Each structure stands twice: as C-alpha cells, then as structure tokens.
Amino acid sequence: MQPQPHISPTSAQAAISAALKSQRLRKNRGSYSCGRCGLPKKGHVCHLAPPPLDVPATPIAPEPLASVSISAAASSSTRPPAPSRQPFTHLRRALSFDDDEARDSRFHAAGLWEVLKRLPPSGLLMAARVCRGWRETAGKMWKAAEELRIRVPERAQIGYVGSLLQKCPALVRLSLKIESEFDATTLACIAFSCPNLEVLEISTYGAAVNRISGDELSRFVCNKRGLRSLKMERCSNLGGVALSSTSLSTLWLADLHSLSKMVFNCPNLIELSLEFSLQEDDSTDLVAMIDGLGRTCTRLQNIHIASLKLSHTFVHALTAVNFRDLRMLSLVLGINITDASVAAISSTYTNLELLDLSGSSITDTGLGMICDALPDTLSKLLVALCPNITSSGIQFATAQLPLLELMDCGMSVSDPTSDNPTIEEKSSSPQKTSGYNQKMFIKHKRLKKLSLWGGSSLDALFLNCPELKDLNLNSCSNLQPESLVLQCPKLELVSASGCQNLLIGAIRKQVSENFAAGENHMPLKRLADASKRIQAPPSLYQETREDENKKKRRKVEREVCTIIH
C-alpha cells in the first residue's frame, strides 16, 4: 500500500494559497498600522482579540512558509505521518518590525535634525513643505533656535520678519540685515515676538533707510530688561537719545548726526561705539556727552568715537573723567588731536591695551610719549592717516613696545604731494620733498599684523618678524623689489594691490622660500632598524634628547662611583 501524505492535496492547496496571500500582503518593512484596530503601531499595544482564521480541519505543523510549500509539492515523497498537534488559532509572523521601526525612526530623526540645522531660514521654510515629518522637525527647530540671522530683501514686508520671529519663542540673539526702509514697527515686532532677546544687531545694505527716532529707541531699550547688546546702523534720524538700562553692556550706534542730547544711564555699560557722519555741520556736543558718561557709566572698558569734532578739549574732558577700567581707546578722524592730547591720554590711562588715533595730527614726538607711558600693556597701535608721522617714528615705536601684536600706519608714510602717483609720474618728476624715499627696518618678536597701505614714500623695507602673519602693502608703489627683505617664516597673507609687478613677484618668491624653509624645521630621526629616516616632531626630539642626557648622567655617575670604590 502506497503511503499517503500527512496533508491532503485540497487542504495543502488551501494552506499554500493562504500563505502566499499573506506573504504578498506583507511589506518589506512591515505595516505601519495595527492589523486589528488600525492605529499606528509605534508605541501601541492592541487589546483587541485576534480575528479567527479560516484554517483547514486537518492540523498544520507550525513550520515556515517555505517548509509548507515544500511539503505540499513533495506529495509523492514517502515519510512517516507526524503526530497530531493542537490547532493554531493565529499564525504568528516570522519577523517583527516593531523594534526596528522605532530604532530607525529615532535614527532618521537625529539625522534629519543634523541636516536641517545647517539650512538658512529660507531653506528651512522650504524643507517644511516636503512632508509631515519634516514639517514637525522644522517646527521643533524653530522653537529651539537661540540665534537667528536674517537678510530682509528690499521688497519684503514687516510681516515676513514677524512670521519668522513668532516661530522662535526662545530666541536670544537676532541679527537683521535690512535692505529696505524700516521704522519703529520693526522694533515693536521684535519686542513682541522675542521676549528673551539679549543681543540685537541691525545692519543696513544698499538703499536702506532707518526711520527710528531717539524716543522710540529709548522706549525699546527700557522695555527690554534682558537686552545686553545693541548694534544699529544709519541712525541719522535719532535727533536725540536718552537710554536707560541696567542690563545693557554693549552699545554701537553708527551714522549719527547732530544729536540734541545724548544721555546714557547704563551703569553696566562696558563697550561704547559712536560713529558720526562725516559732515562738518554736525552740532553734537561731545564734551557734554563724555561728562555724562563719567557720571553714569563708570565701568566703561572700550570706547570708540569717530567724529570730525574730536579735539583737544574733548580729550581734556575725557582725561578729567578718568575711567579706571579703560583698556581700549579709539578716537578716529580727530584732526585737532595733537601731541598735547597724547600727553594727556598717556599720563591718565596707563593700562591701555589698544590705542587708535587714526586721522589725528600727532607726530613722532607723540609716538615717543606713547612708548614711554605704555611699554608694558600696549599690544595694538593704530596711527593710520597721520601725515606727520615718519618711518623713523614707526621704527622707534616697534622697538620700544615689546608686546605689540598689531600696528596700522597706513597712509602715514606717503608722499604729501600726490595721493597715488604712478610710477611714470614719479620717475619723471623731481623728488623735492624731504619725506620721499623713506626706509623702514622693523625687527619684532611678537608682531603678528602690520599694515603699511598707501605708503607711497616707502622705497625700502626690511622685516624680521618671526610671528608676522598678515602684511598689507597696498599702494606702496615706490617700494623697490631689490630693497625688500621679508624674514617672516609664518607669513600667510600679503596684500599688494597697486604695486609693481616686479615687487609682487619678489614677494611671492620670498614668501615661498620662507614657507619651504619652515616646512623642514624638524630634525630627522632614524627608525629602529636603521633603514629609513623620518621627521620627528619637536616633542619627540626633546624627549629623545632628554633620555640621552639621562643616560649620559647615569654613565658618568657609574664611572665616578667605580673610581671612588
């Protein structure tokens, strides 16, 4: 008698059909919804009973689908019958994707966050339109943002800025680059949308116009109790300003003009920068302003004022106030500031680290006063646009200031008879000025940045500065290639626009030679098998030398001990 298969052909065919059907319905990643109640699977535990399955009366062994197919196909094979088992009411899936889906979702969310946080605000707005997941992630990024930099186009309305700011309730630092007209409505929008704002910077570009008045700005600063830094450009319409804040520490206002009053009641103000327009009809009273600062802002450390109205009278009022913590003083475009002003500054403020007197009328004598008073603290000296300074005074200053790291003397060593004469004009015209054909020799151990732009009177330059990285020789049209020596192994940036082509070639050659010499400054060390030499870093070389010295000392001590015994 021929043995019969365990499963009848009819029942096997039904089981195969059901298995294939379930296999077709199953996706590669599994279903995202529960098969019982239809809710999303993520974080879901279904409490409904499983639906009854239409299974054949003959029990089916709990084998994988592939095994079931093989058993049905091999109906002519001979094998003993399997023992009877309990019928199954639910066939369990071979694989479960629940845990994998949760892990993948966390991974994709973290990766998406890293990608979206590198997009600009406009790109983030476009990314939110891709799908719901991206929109939710973008919304979380807007809510978590602490710093935002926005460029406001010329045709944009205030609603554009407001819609972006309302997405960022936790915003702390805001930078706006505006290309159109703006007024107090912009400040009101910022005050309403950013309750935790600490840093605000409004810069302008193109035909932008600032319509904010002094009273509106004062009201904004007074209401923002947590504002620490305020920077704003094109403030020509302020008229007068009276700022009062206990939290404000940094204040920058540019393009000021004819202010009727300037009152700063900011006891914690540390840095103040005021730039006035270059108009001679400016009627701002700078002396009264500095007197008020001395009474209300005693903690000032950095002062920068650029105005054509700067004079020795203002400097006298500044020294009478005597800001004890002052470290940086910049008085720019004060053509009436003379050596007497330098004497007052150097005798009062002896802890200055930066002094900027660009555009003044000081001479080499004033530079000598600065060197005598500030040799132990001054690290940055800027005396650009000072026509009474010569190369001798610059050389003396670099020699007497050992901590100097930055020096700007652009347009100071220049030909007074011409702004920027060409080479042909200079060769044809007789050299009658005593300041023409000046030479400069600078040797400094710590100088990192030197600016000699516009030095049309300079025809010879020798630099021995091992730490120099930035050199500006723009418009040094009289400098000769054979009279240029650059012994600066760390030199990285040289600006030489407006110079002779031969000079540019000489600069490139010397810089490349210094760079090549600096590449092989490390000693060579032979490998353990003495087969090849490699470059050893300085630390390893020092350790090797120390080990050798220790061995020598030990050897000498042993020899001494042997002689004694």
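User: Does leucine 165 count as buried or exposed, and at what relative accessibility?
Analyst: In this predicted model, leucine 165 has its place in helix 6. A residue is buried when its relative accessible area is under 20%. Leucine 165 therefore counts as buried, with a relative accessibility of 0%.

User: Which residues is leucine 165 in contact with, leaving aside its neighbours within four places in sequence?
Analyst: One of the residues in question, serine 193, is 28 residues apart from leucine 165 in sequence, yet their C-alpha atoms are 5.7 Å apart in space. With the neighbours within four places set aside, the contacts of leucine 165 are Leu148, Leu171, Leu174, Cys189, Ile190, Ser193 and Cys194.

User: Why are the buried residues of helix 6 placed on the same side, and what arc do they cover?
Analyst: Helix 6 spans residues 158–165, and its buried residues are Val161, Gly162, Leu164 and Leu165. They lie on the same side of helix 6 because the arc they cover around the axis is only 165°.

User: In what order do the three strands of the open sheet stand?
Analyst: The pairing in this sheet is parallel. Strand 14 (438–443) and strand 18 (484–487) each have a single partner strand, so they stand at the edges, and one side of each is left without a neighbour in the sheet. Neighbouring strands are turned by 10° against each other on average, direction ignored. The order is 14-16-18.

User: Which residue in strand 16 is the bridge partner of isoleucine 442?
Analyst: Strand 14 pairs with strand 16 (residues 458–464) in the parallel sense, over six bridges. In strand 16, the partner of isoleucine 442 is leucine 463.

User: How many aromatic pairs does a search of the whole structure find, and which residues are involved?
Analyst: The search finds one aromatic pair. Its ring centres are 6.2 Å apart and its planes stand at 40°, so the pair is tilted; the rings belong to phenylalanine 441 and phenylalanine 462.

User: Over which ring does the charged end of lysine 231 sit, and how far from its centre?
Analyst: A charge sits over a ring only if it is within 6 Å of the ring centre and within 35 degrees of the ring normal. The charged end of lysine 177 sits over the ring of tyrosine 205, 4.8 Å from its centre. For lysine 231, the ring is that of tryptophan 252, and the distance to its centre is 3.9 Å.

User: Is serine 249 buried or exposed, and at what relative accessibility?
Analyst: Serine 249 is found in the loop between strand 5 (241–244) and strand 6 (250–256). Beyond its neighbours within four places in sequence, serine 249 is in contact with Arg228, Asn268, Leu269, Ile270 and Glu271. Serine 249 counts as buried, its relative accessibility being 18%.

Note on methods
Residues numbered from 1 in each chain as written. Predicted model: local features only at pLDDT ≥ 70, side-chain atom pairs only at ≥ 80, totals over all residues. Heavy atoms only, no water. Pairing = 2+ DSSP bridges. Helix = DSSP H or I, 4+ residues; strand = E, 2+ residues; numbered from the N terminus. Axes fitted to C-alpha atoms, helices over the stretch in contact; angles between N-to-C directions. Buried < 20%, exposed > 50% of the residue type's maximum accessible area, 1.4 Å probe, protein only. Contact = heavy atoms within 4.5 Å. Arc of directions from axis to C-beta. Phe/Tyr/Trp six-rings, centres within 6.5 Å; stacked < 30°, edge-to-face > 60°.
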